[in-house]
Amino acid sequence: MTYDIVFVIASALAVISALGVVLAGNPFHSALSLIMNLVALATLYLLLQADFLAAAQVIVYAGAVMIMFLFVIAYLGGRADEPTRDVPLWQLGAAVLAGGAIVVEIVVAVATEAFGDGKHVSDQFGSPAAISDTFFSTYLLAFEATSILLLVAAVGGVVLGSRRPSPRVDEPDAFPDRAPVPKELELQAAVMGTETAFPVTHVPPRQSRAIEEHEG
Amino acid sequence: MHVGVEYFVSVSAMVFGIGLFGVFTRRSPLILLLSVELMLNACNLALISFARYHGTNDGQVFALVVMGIAASEVVVGLGLVVAVARRKANLDVDRMTALKN
């Protein structure tokens, strides 16, 4: 009975906060609604005996990812707001149709199927030990691929976020003494601006020789 | 009322549909990223509920991988949003057509 009540409250919260994400005018309210949505989903994970994932959801998502979102929204200030422009009616209709179609399809599909009770599982189901047992044996390749993906994303984030004062690409005469952008960096510079283009220059060999001489 | 796997999957479908609606209608890249997060989390809920139904850990492992992918997507997406915002005044996904054609 308690299970049912918790399920109803958590799922209602999840749906309402999801609507809040999509319909809120202020991006701050959207992000805060998403945090509520994540917490509600973590409650549902707990009901499904996924204890570790519920904790990871709250710590990683609600704690880390969403804080980054809020930082960016605060950094952008008023520019983060929605551009004031009416969404065409056909687009609204298509959105309702697409979203509604998926909901109706899945609900009908699962409602017509007799699922019955799930398998009986031990108390250890969903514990960190049980998950890591599967993760580090059967899905070891996926684990390694995910870690490489995270590394690449971190490097990409640094490249995208780095800032060097430089003229825009379309104003080459603003700093005439600046060296021209090398050919292979032109595309990158055209897309993201010259402040994110990194020309790699060699360290002059003189320096190292000077150090050697000094030491010798 | 017995809450089985079908209820959890239905909730996941609703959240996914709402996220899809957001991707269709909103124009701010930040809200688009939030809507995509919504859809990814709905997928996670479906994966975890089926993992519980079948009594195996595999679905939970998939959900962990999805969390990692979502985190890297947010990093790159927010980096792009900030990079665009530094160069242009307004953030509108319909006007970001520099790479078109």
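Colleague: Let's start with helix α1 of chain A. How many residues does it have, and how far does it reach?

Modeller: Helix α1 of chain A, residues 2-23, has 22 residues and reaches 31 Å from its first C-alpha to its last, close to the 32 Å expected at 1.5 Å a residue. That expected span is 1.5 Å times one less than the number of residues. Helices here are DSSP runs of H or I with at least four residues, strands are runs of E with at least two, and both are numbered from the N terminus. Bear in mind that this is a predicted model, where local features need pLDDT of at least 70, side-chain atom pairs count only at pLDDT 80 or more, and totals for chains, interfaces and linings use all residues. Residues are numbered from 1 along each chain as its sequence is written, and chains are lettered from A and ligands numbered from 1 in the order in which they are written.

Colleague: Which residues of α1(A) are buried?

Modeller: A:Ala10, A:Ser11, A:Ala14, A:Ser17, A:Ala18, A:Val21 and A:Val22. They sit on the same side of α1(A), because they cover an arc of only 140° around the axis. The arc is that of the directions from the helix axis to the C-beta atoms. Buried means 20 or more other C-beta atoms within 10 Å of the residue's own, exposed means 12 or fewer, and partly exposed is in between, with C-beta atoms placed from the backbone.

Colleague: And which exposed residues are on the face turned away from that buried side?

Modeller: A:Ile5, A:Ile9 and A:Ala12.

Colleague: What covers the buried residues of α1(A)?

Modeller: The cover includes α2 (27-47) of chain A, plus α1 (5-25) and α2 (29-54) of chain B.

Colleague: Pick A:Ala10. Which residues is it in contact with, leaving aside neighbours within four places in sequence?

Modeller: A:Ala10 is in contact with A:Ala40, A:Thr43 and A:Leu44. Contact means that the two C-beta atoms, placed from the backbone, lie within 7 Å. A:Ala10 counts as buried because it has 20 C-beta neighbours inside 10 Å.

Colleague: Now the partner chain. How many residues of chain B are in contact with chain A?

Modeller: 68 residues of chain B, in contact with 75 residues of chain A. On the chain B side, the elements giving two or more residues are α1, α2 and α3 (58-87). The largest share, 22 residues, comes from α3(B). By class, that side of chain B has 42 nonpolar, 18 polar and eight charged residues. Here Ala, Val, Leu, Ile, Met, Phe, Trp, Tyr, Cys and Pro count as nonpolar, Asp, Glu, Lys and Arg as charged, and the others, Gly among them, as polar.

Colleague: How do α4(A) and α1(B) pack?

Modeller: Helix α4 of chain A, residues 89-111, packs with α1(B) at an angle of about 170°, with the axes 8 Å apart. The axes are lines fitted to C-alpha atoms, for helices over the stretch in contact, and angles run from 0 to 180 degrees between N-to-C directions. So α4(A) and α1(B) are roughly antiparallel to each other. Angles over 145 degrees count as roughly antiparallel, under 35 as roughly parallel, 65 to 115 as roughly perpendicular and the rest as oblique. The contact of α4(A) with α1(B) has 19 nonpolar, six polar and one charged residues.

Colleague: What's going on with phi of A:Gln49?

Modeller: Phi of A:Gln49 is near 60°, a positive value in a residue other than glycine. A:Gln49 lies in the loop between α2 and α3 (51-76) of chain A. A:Gln49 counts as buried, because it has 21 C-beta neighbours inside 10 Å.

Colleague: And A:Asp117, buried or exposed?

Modeller: A:Asp117 counts as exposed, because it has 9 C-beta neighbours inside 10 Å. A:Asp117 is found in the loop between α4 and α5 (128-135) of chain A.

Colleague: Last one: how many helices and strands does chain A have?

Modeller: Eight helices and zero strands. Buried residues make up 24% of the 216 residues in chain A.
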